[in-house]
Amino acid sequence: MAVSRYQNSKLSQPARLQWAAIAARAIDEKYRDDAGDAKLRCTERGFVVAYLIAQFGPSAHHPLRDPCALFEEIMGTLGTQPEAALKAAENWRQHDVARVRELRRIKNLLKVLEYILPYASTLDTAGIAAKWTAVRPALP
């Protein structure tokens, strides 16, 4: 329900942002007891933030519209370096199911990163973002 409300263009911006905050809290609560799914949580929450940035623009003063904060969260959640992910992707068919799933979660998280790339010029770490987006097509 919260997703359909924050995406409803007939509602006011403040109302949509309130519904987005509810969606973000629900995502956080969903993964509260399962720290192993940090990439899933960050991906789901990241799509909410990326949508709000696309709809209402970036804002360093609003936690759900801050591309720098989202970038930092993604980088902190990835748990590896672009070079290591690329190396693992080269022979991904030889990995066990758990490792392939982990690579897939990285790929999904990098999709969120692509949505905030237009704002990467304002980030000190735009080069890191470019490295990661180059890795995404190689992942399973």
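Contact here means heavy atoms within 4.5 Å. Helices are DSSP runs of H or I, at least four residues long, numbered from the N terminus. With that, let's start at helix 2.

The buried residues of helix 2 pack against helix 1 (2–6) and helix 3 (38–56). A word on the model before I go on. It is a predicted model: local features need pLDDT of at least 70, side-chain atom pairs count only at pLDDT 80 or more, and totals for chains, interfaces and linings use all residues. Residues are numbered from 1 along each chain as its sequence is written, and side-chain values use heavy atoms, with hydrogens and water left out.

Back to helix 2. Which residues of helix 2 are buried? They are A15, R16, L17, A20, A21, A23, A24 and I27. Buried means under 20% relative accessible area, exposed means over 50%, and partly exposed is in between, using a 1.4 Å probe and protein chains only.

Now the length. The expected span of a helix is 1.5 Å times one less than its number of residues. Helix 2 covers residues 13–30, so its 18 residues should span 26 Å. Its end C-alpha atoms are 25 Å apart, which agrees.

Next, A2. This residue is found in helix 1. A2 counts as buried, because its relative accessibility is 13%. Leaving aside neighbours within four places in sequence, A2 is in contact with W19, I22 and A23. A2 and I27 are 25 residues apart in sequence, and 11 Å apart in space, C-alpha to C-alpha.

On to the aromatics. Rings of Phe, Tyr and Trp (its six-membered ring) pair if their centres lie within 6.5 Å; planes under 30 degrees apart count as stacked, over 60 as edge-to-face, and the rest as tilted. How many aromatic pairs does this rule give? The count comes to 2. Y6 and Y51 form an edge-to-face pair, 5.5 Å centre to centre, with 65° between the planes. This pair links distant parts of the chain: Y6 is in helix 1, Y51 is in helix 3, and they are 45 residues apart. Y6 counts as buried, at 4% relative accessibility.

F47 and Y115 have ring centres 5.9 Å apart and planes at 70°, so this pair is edge-to-face too. F47 lies in helix 3 and Y115 in helix 6 (residues 97–116), so the pair ties together parts 68 residues apart in sequence. Buried or partly exposed? F47 is partly exposed, at 35% relative accessible area. Y115 also counts as partly exposed, at 45%.

How values were computed. Helices (H or I, at least four residues) and strands (E, at least two) are DSSP runs, numbered from the N terminus.
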